[in-house]
Amino acid sequence: MSDRAKHPKGKGGNRPTDRYRRAERDLVLLGVIIAATIMLVGHAGAVMPQVVGFLNGDGDGPAQWAASALLLNIALIIFGWRRYKELIGEVEKSRIAEEEARELALTDPLTGSLNRRSILPLTEEMVLEAEKLDKAVAFVMIDLDNFKQINDLNGHRAGDCMLIEIAQRIRAQMPPGARLARLGGDEFACVVPYNRSSPDLIDQLATSIIDIAQRPIAINGGELAVGLSLGLATSVELEQPGPNAAGELLHMADIAMYHAKKMGRNRYDWFTPEMERELKLRSELESGIRRGIARGEFVPFYEQQVDVETGELTGFEMLARWQSPTLGLVTPDFFIPVAEEIGCIAELSEAVIAQALKDAADWDPALTLSVNISPVQLRDPWFAQKLLKLLAAAKFPPERLEIEVTESCLHENIGLVRSLVTSLKNQGVSVSLDDFGTGYASIAQLRALPFDRIKIDRSFIAELGRSGDNAALVSAITSIGAGMRLPVTAEGIESEHVRDRLRGLGQFKGQGYFYGRPEPAEKVHARLKSEARLAEDVRTPSRLGPDAARTPEDGEPPRAAKG
């Protein structure tokens, strides 16, 4: 939807067509004067005596010249009056054109509201006037929630109709003296003067605007509804109202509006200095993530996966860590959501996976590597090809790799997920369903997608250590896995008690702090070397045959360290 206002081509009378018209009229005037002169000089002797004689019966002498001058003056006066009326009309047209140009420059052509160009100087005037009267001015930033989706699904014409209706509804709620502006796109702003002693009036206004906007809007034979996120700022917070008061209020209200969206949308928040500090931290975090990817600051850590029954080490799950030069070692729950929002998650994930594949290539071939895949990556139809390319570059066997997808992925585009999962499985990669039990995955979806494993969310496992309420649930998930021939992994095993409870509920692969915290590649390599679990220490089937046993010097594979 375009918000471009029509720009006047120039003030009235300054355009080329106007100049040509004036020149044409001036030529006409010159022609009339010349014609009048010729008539006076060439034809006065023949024509004027008759006129003068008709007037006073005397056709001689000066009377003829006087009559000629009289007639010429009459002609010039008539023409001059006509020209004067034309000039008056031109001036009026120019004034109207200038007013229209000024209105177009200061108002939004779609909604009839003010625009960003006009609301800022008006806000400064209102702030100064309020200071004189010991009042305050509230700046209310308004943004439609998910408006782009409305445009995409219903068309820009429907979006325009919604903007017009929302502007009318907001205007109807505004108190006397308040002004409404459309700042651009789906952003509006209200500037509202109020008594310093009654700030609750602004809260009431914000609540009424949100409520009235939620009512369905009839568009194209159907009904659409939209939520609003509002940010409020007041001139009371300004240290000293000055020439940039409007810009400061807009900045503060914009931060508060962003915070309202972050806190769930369809709500309002007043600006606080903490919001600005949080926004600056967020901006620094985004910049740091982008720089960190380019500098290789994101590295893989590895968490052990073991057989719960025997304690034997079976593999590792790769967990990304950010070695930030300013923040230190940062865990993924802090930076992954931000990387997803700013569109860097694919680049970040691929870089860390590529390094993990190189690290794991040196491990015992019997050890697997599990990696988490972001839902954002699964929206990429080329993801499977990218992953296979990384495997080829690292010369890592696909059979040793297991990718983990969350239940939420199943509800976004089940067809695309099925295609990607099938493509990877055809190449030998295993696929597990992560965080099982926290979403809404159905048995039908488990049957429709060729998963190789399900992972019980750590929240259910942690409860086993505190009560027996989740034992039945864990047992039920185990039964589902057994019935569908899907092995189960239990996350979050943090005590011997939890491990023992799991042993009584079924067969599991387990991971958690009970078996050790995630470690960087160097420590994993050193420990595997000490336990003769590196590829160079293990006699591969290609050398000894598929059924060959380890020699005494190889030793028995040690069980995972505990604690």
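Predicted model: local features only at pLDDT ≥ 70, side-chain atom pairs only at ≥ 80, totals over all residues.

Residues are numbered from 1 along each chain as its sequence is written, and side-chain values use heavy atoms, with hydrogens and water left out.

**Stop 1: the open sheet**

Select β1, β3, β4, β2, β7 and β8, in that order: these 6 strands form an open sheet with mixed pairing. Strands (E, at least two residues) and helices (H or I, at least four) are DSSP runs, numbered from the N terminus, and two strands pair if DSSP finds at least two bridges between them. At the edges stand β1 (114–115) and β8 (268–270), each with a single partner strand, so one side of each has no neighbour in the sheet.

Now zoom in on β1 and on β3 (residues 179–184), which run parallel and are joined by 2 bridges. Leu114 has Ala181 as its bridge partner there.

The hairpin of β3 and β4 has 2 residues between the strands, and Gly185 takes a positive phi near 60°. On the other pairing, 9 bridges join β4 to the antiparallel β2 (residues 135–144); look for Ala138 opposite Val192. Is β4 mostly covered or mostly open? Of its 9 residues, 7 are buried, where buried means under 20% relative accessible area, exposed over 50% and partly exposed in between (1.4 Å probe, protein chains only).

**Stop 2: salt bridges**

There are 27 salt bridges in the count, each a side-chain nitrogen of Lys or Arg within 4 Å of a carboxyl oxygen of Asp or Glu. Select Arg182 and Asp108, whose side chains meet at 3.1 Å, N to O. Arg182 lies in β3 and Asp108 in the loop between α3 (62–106) and β1, so the pair ties together parts 74 residues apart in sequence. Both residues are buried.

Move on to Lys261 and Asp143, with their closest N and O atoms 2.8 Å apart. Here helix α8 (residues 245–262) supplies Lys261 and strand β2 supplies Asp143, 118 residues apart. Lys261 counts as buried at 18% relative accessibility, and Asp143 does too, at 7%.

**Stop 3**

Click on Ile456: its bridge partners are Phe436 and Ala490. Which way do the residues of β15 point? Arg453 and Lys455 point one way, Ile454 and Ile456 the other, and all are buried.

**Stop 3: the largest pocket**

To finish, select Glu317, Leu319, Pro332, Ile336 and Asn372. Of the 36 residues lining the largest pocket, these are the closest to its centre. A pocket is an open set of points on a 1 Å grid over the protein atoms alone, where a 1.4 Å probe fits, with protein on both sides within 12 Å along at least five of seven lines; lining residues have an atom within 4 Å of a point. The volume is about 890 Å³, taken as the space filled by probe spheres set on the points. Elements that each supply at least two lining residues include β10 (313–324), α10 (332–341) and β14.
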